[in-house]
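Colleague: I am new to this structure and would like to go through it slowly. Could you show it to me before we begin?

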Amino acid sequence: MIEPGAQVAALVIGTGYGGSVTALRLAQAGVDVHMVEMGMAWDTPGTDGKIFANTTTPDYRSYWLRTRTKQPLSNFLGFPLDKDVPKYTGILDAEEMGGIVVYQGRGVGGGSLVNGGMAVTPERSRFPGVLPSVDADEMYDVYYPRANSNLGVNTIDPAWFETAEAYQFARVGRKQAQRSGFRFTFVPNVYDWNYMKQEAAGTVPKSALAAEILYGNNYGKKSLQKTYLAQARATGRVTISPLHRVTTVTPTTGGYTVTIEQLDTSGAVTTTKTVTAQRVFFAAGSVGTSKLLVRLKATGALPALNNEIGTGWGENGNVMCGRANHLWDPTGSLQSSIPTAGIDNWVAGGAFAEVAPLPTGIETWASFYLSITNNPNRGRFTWNAATGKVELDWQTAWKQPSITMAKSIFDKINATEGTIYRTDLFGVYKIWGDHLTYHPLGGTVLNKATDNYGRLHGYSGLYVVDGALIPGNVSVNPFVTITALAERNIEKVIAEDL
Ligand SMILES: Cc1cc2nc3c(=O)[nH]c(=O)nc-3n(C[C@H](O)[C@H](O)[C@H](O)COP(=O)(O)OP(=O)(O)OC[C@H]3O[C@@H](n4cnc5c(N)ncnc54)[C@H](O)[C@@H]3O)c2cc1C
């Protein structure tokens, strides 16, 4: 735990993908690193003997300082699913920002604690459209392979997929995609597929096959706690303060003064600490980093930051929907919580749709999808002096291009199959889950708010290392790209700045 008055060589704000890569590589280069994380450590079992709660039974551990759950799938067969929970520093933040709910992981490991583990490297041909200032050859020859290897990315055994009861939903998804002429692709994951086979055989405690995902995964998923962060801790140079939130960073002689609030599990501030850091790495996630920097610029703590701060934010074109299948097409009462495949219509229709599970434990005859679409709309974070808060300028109507692109897949499948959309999953008679995102990106865009390696303009020794660098969309699930970009940038920073 960081002490008031401490002096640290490198302070990393946040412990998600960008922060974990940065901490590991700095430590390996001989730099002492302190990581500050506003969420909990998630290393101690709760009242039921498990560290993480099940997705079907949210409890005090599930939400970040909410008194009622805010489930992405809010309704089922006309019934609302949300329920009251005790206010606690839980694992999933459903941050309501203007016209959108932004889901984010809170705790040591960031988004890796709550995500679906889908570990996708975008197709090489799409990369220049994502990060035009980055050398694609370097990324595909060096940094994507490095990220995939360190994250423990692996693919499902195709033979097992064909017979696994828990992937009937995905096989139905494939059959229907192919009957409509769409490309169906397997998607790599960081879930340990061998572990899942043992779950199916009944020889180990169940995790993916027990509907664990959104509120943490007790066994098979290789979250950052098991990969980058474990390696970082093993260097002996990395320490972490959980339940500590950075509020201010401002220049001082030889570095930066950083103000940190220590929280208790009700979210109350118990202590405020001031420390000094030679270098500060912003890894608080797209929303966390962008909000912090917009506020620090507007309130005079970091006035020399440029006007790109807060701009270029996107939601990776996320939109959800469900389809109602015929009675002869059951999707299975046992569904693995870990998705493993998707429908690729990016080139023709601007959408990549993940065939997602609905692990309710009962037969639903529903197919469920999270589409990533090429939505061109971008939001912006601004400072509201009257409320003293950073706001996100985003409107639900800006999701219309995403819906149109997702329809390029599902209207056709419905026509081929003679089926209809489900209207009971996101409200009453509401087809599209267009009010949310799992994939916030941008707000402090590479080569605009920072130089081409994440160094913030206006200050030496301040860096952005997370998803805030990526301008709004990566065409696939984002964490492999966030990890690979962090690997690329920190290598340059270590070579040139230290
Ligand atoms: C439900 C869900 C499912 C997802 N599924 C996938 C998937 O299958 N594949 C995929 O590629 N992506 C997925 N994602 C997205 C992915 O998890 C994120 O893109 C990724 O975690 C972002 O990495 P990051 O390093 O930018 O920040 P994060 O991982 O968000 O880490 C930021 C950390 O900083 C902390 N923090 C914030 N502010 C402060 C502060 N002021 N002081 C201290 N700490 C702070 C936060 O608590 C957090 O732990 C999913 C996300 C969600 C929510």
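Predicted model: local features only at pLDDT ≥ 70, side-chain atom pairs only at ≥ 80, totals over all residues.

Colleague: What volume does the largest cavity have?

Modeller: Rolling a probe the size of a water molecule over the atoms shows where empty space is left. In this model the count comes to 1 cavity of 30 Å³ or more, and the volume of the largest cavity is about 40 Å³.

Colleague: Which helix gives the most to the lining of the largest cavity?

Modeller: The lining is made up of Thr22, Tyr453, Tyr463, Val465, Ala486, Asn489, Ile490 and Val493, and by class it holds 6 nonpolar, 2 polar and no charged residues. The greatest contribution, 4 residues, comes from the helix spanning residues 479–497, namely H11.

Colleague: How far apart are the end C-alpha atoms of residues 18–295?

Modeller: An unreviewed UniProt entry annotates residues 18–295 as "domain: Glucose-methanol-choline oxidoreductase N-terminal". In the model this span is 27% helix and 22% strand, and the distance between its end C-alpha atoms is 21 Å.

Colleague: Is Pro330 buried, partly exposed or exposed?

Modeller: Pro330 sits in the loop that runs between strand E12 (319–324) and strand E13 (341–345). Beyond its neighbours within four places in sequence, Pro330 has contacts with Gln168, Val172, Glu363 and Trp365. Buried means under 20% relative accessible area and exposed means over 50%, so Pro330, with a relative accessibility of 28%, counts as partly exposed.

Colleague: How far apart in space are Pro330 and Gly90?

Modeller: In sequence, Pro330 and Gly90 are separated by 240 residues. In space, taken from C-alpha to C-alpha, Pro330 and Gly90 are apart by 34 Å.

Definitions and conventions. Residues numbered from 1 in each chain as written. Heavy atoms only, no water. 1 Å grid on protein atoms, 1.4 Å probe; cavity = no way out; pocket = protein on both sides within 12 Å on 5 of 7 lines; lining within 4 Å. Points joined across faces, edges and corners; volume = space filled by probe spheres on them. Helix = DSSP H or I, 4+ residues; strand = E, 2+ residues; numbered from the N terminus. Nonpolar A, V, L, I, M, F, W, Y, C, P; charged D, E, K, R; others polar. UniProt positions renumbered as here; feature names shortened; annotations may be inferred. Buried < 20%, exposed > 50% of the residue type's maximum accessible area, 1.4 Å probe, protein only. Contact = heavy atoms within 4.5 Å.
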